[in-house]
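Here is a short tour of one protein model, with a look at its cavity, its sheet and its aromatic rings. Please keep the structure open as you read.

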Amino acid sequence: MQGFVDIVQGFLDLGATVILPVAIFLLGLLFGQKPGKAFRSGLTIGVAFVGIFLVVDLLVNNLGPAAQGMVDRLGVDLNVIDVGWPASSSIAWASVVAAFIIPLGLVVNVIMLLTKTTKTMNVDIWNFWHYTFMAAMVYAISGSIVQGLIAAVIFQIVCLKVADWTAPMVGEFFDLPGVSIATGSTISYAPGIILVRWLNKVPGVKNWNADPDTIQKRFGIFGESIFIGLFLGAAIGVLAGYSVGEVIEIGMAMAAVMVLMPRMVKILMEGLMPVSESARQWLSKRFGDREIYIGLDAAVALGHPAVISTALILVPITVVLAVVLPGNSLLPFGDLATIPFVVAFIVGAARGNIVHSVIVGTLMIALSLYMATDVAPVFTEMAVNADFNMPEGSAKISSIDQGGNLVNWIIFKVFSLFN
């Protein structure tokens, strides 16, 4: 069993830039593409994700230290450390249930496609770690592998159904036709879509609008996304107490994120569209005129400037929330750079309205802080069992991404009733 786990972990360690191209290449062959064409599609998508993750690294490497600077200036003293999604995923894959998740997840997806209970063919295998974490949490309180796997399947089904529900929005607003997003962290904030729709009915508030197009019309050249990134990045640098040079540096980095991310997503779609079209033709011959979505990493939604703009505004708001919310014990840090991923659906539902996105994002993040605080004991226990190196001086750990995941928290609480 351990040998199989090691093989699975070794495959996952290759990351999305290898796993996704392989998956796309195999799908292309399955749907009747010639090997050369299928290989080109997979390779193009791999190149696109290399570019996307380089831009994400640029975002993370600049936001992380800035967030730490803001925390230090506020003198925050909270005893639960947000270790971020990389640590969360490593803790998840160290669980004894990890070896079952990928084969089980693939089987569940195929069954749901055949029974027409989902339209999403999720090739984002790398992000199955969210299902693994769900299973590991339930296993930690129950000692039952069966209960853990049932919890993971429930989590996966919810992700696929929400991916189906949001796919039309992803196709229209983000200009990603035929694509859905089933990433566990993004799915968690899908209830924000309902809150956005409610805001659109509130007198006065419904007229508060600041989307990239409106901003550009009002401010001309200084309203372009490159200038918005520069301004917001510089503002974060000032809040972090940076020197003038460092403020300019982080401003330039955020401007680069705004410009480069949309271009990487365009390359991604260049590789995906031939596979998507082949899939439709193949399925049409066998199952009639049926719509199928290709499930991809939420990183593909970061190409819209409103997503990055909303996330950059929410970073200092999240730090302040951690300080002022009574009962919160989580010190946000590791997952501050994942905020663009979790607010993508909210921004899409708001049609790029940054004002509404920030309002709803603030409410959802506040909820995440409380949930992450609540599950910190079991999160910490899992980390100890996985021989995770605890951050120096921390009593407990958790994360906004998975510890503060609404779907994860609800399923965990239901299983807690029986254990």
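Before we look inside, a word on the classes used below: Ala, Val, Leu, Ile, Met, Phe, Trp, Tyr, Cys and Pro count as nonpolar, Asp, Glu, Lys and Arg as charged, and the others, Gly among them, as polar. Please also bear in mind that this is a predicted model.

**The cavity**

How many cavities of 30 Å³ or more does the count give? The count comes to one, and the volume of the largest cavity is about 40 Å³. Its lining is made up of Ile 101, Leu 104, Gly 105, Val 108, Tyr 131, Ala 152, Val 153 and Gln 156. Two elements, α5 (98–114) and α7 (145–173), each give two or more residues to this lining. Of the elements, α5 gives the most, with four residues. By class, the lining divides into six nonpolar residues, two polar ones and no charged ones. Gly 105 is part of this lining, and Gly counts as polar under the scheme above.

**The aromatic rings**

Across the whole structure, the search finds five aromatic pairs. In one of them, the ring centres of Phe 128 and Tyr 131 lie 5.0 Å apart and the planes meet at 45°. Why is this pair called tilted? Planes under 30 degrees apart count as stacked and those over 60 as edge-to-face, so the 45° between Phe 128 and Tyr 131 leaves the pair tilted.

Are Phe 128 and Tyr 131 buried or exposed? The table gives the values for both.

| Residue | Relative accessible area | State |
|---|---|---|
| Phe 128 | 1% | buried |
| Tyr 131 | 2% | buried |

Buried means under 20% relative accessible area, so Phe 128 at 1% qualifies, and so does Tyr 131 at 2%.

**The sheet**

Now to the strands. Three of them form an open sheet in the order β2-β4-β3, with parallel pairing. At the edges are β2 (120–122) and β3 (179–181), each of which pairs on one side only. On average, neighbouring strands of this sheet are turned by 40° against each other, direction ignored. Which residue of β4 is the bridge partner of Val 179? That partner is Ile 294.

Notes:
Residues numbered from 1 in each chain as written. Predicted model: local features only at pLDDT ≥ 70, side-chain atom pairs only at ≥ 80, totals over all residues. Heavy atoms only, no water. 1 Å grid on protein atoms, 1.4 Å probe; cavity = no way out; pocket = protein on both sides within 12 Å on 5 of 7 lines; lining within 4 Å. Points joined across faces, edges and corners; volume = space filled by probe spheres on them. Pairing = 2+ DSSP bridges. Axes fitted to C-alpha atoms, helices over the stretch in contact; angles between N-to-C directions. Phe/Tyr/Trp six-rings, centres within 6.5 Å; stacked < 30°, edge-to-face > 60°. Buried < 20%, exposed > 50% of the residue type's maximum accessible area, 1.4 Å probe, protein only.
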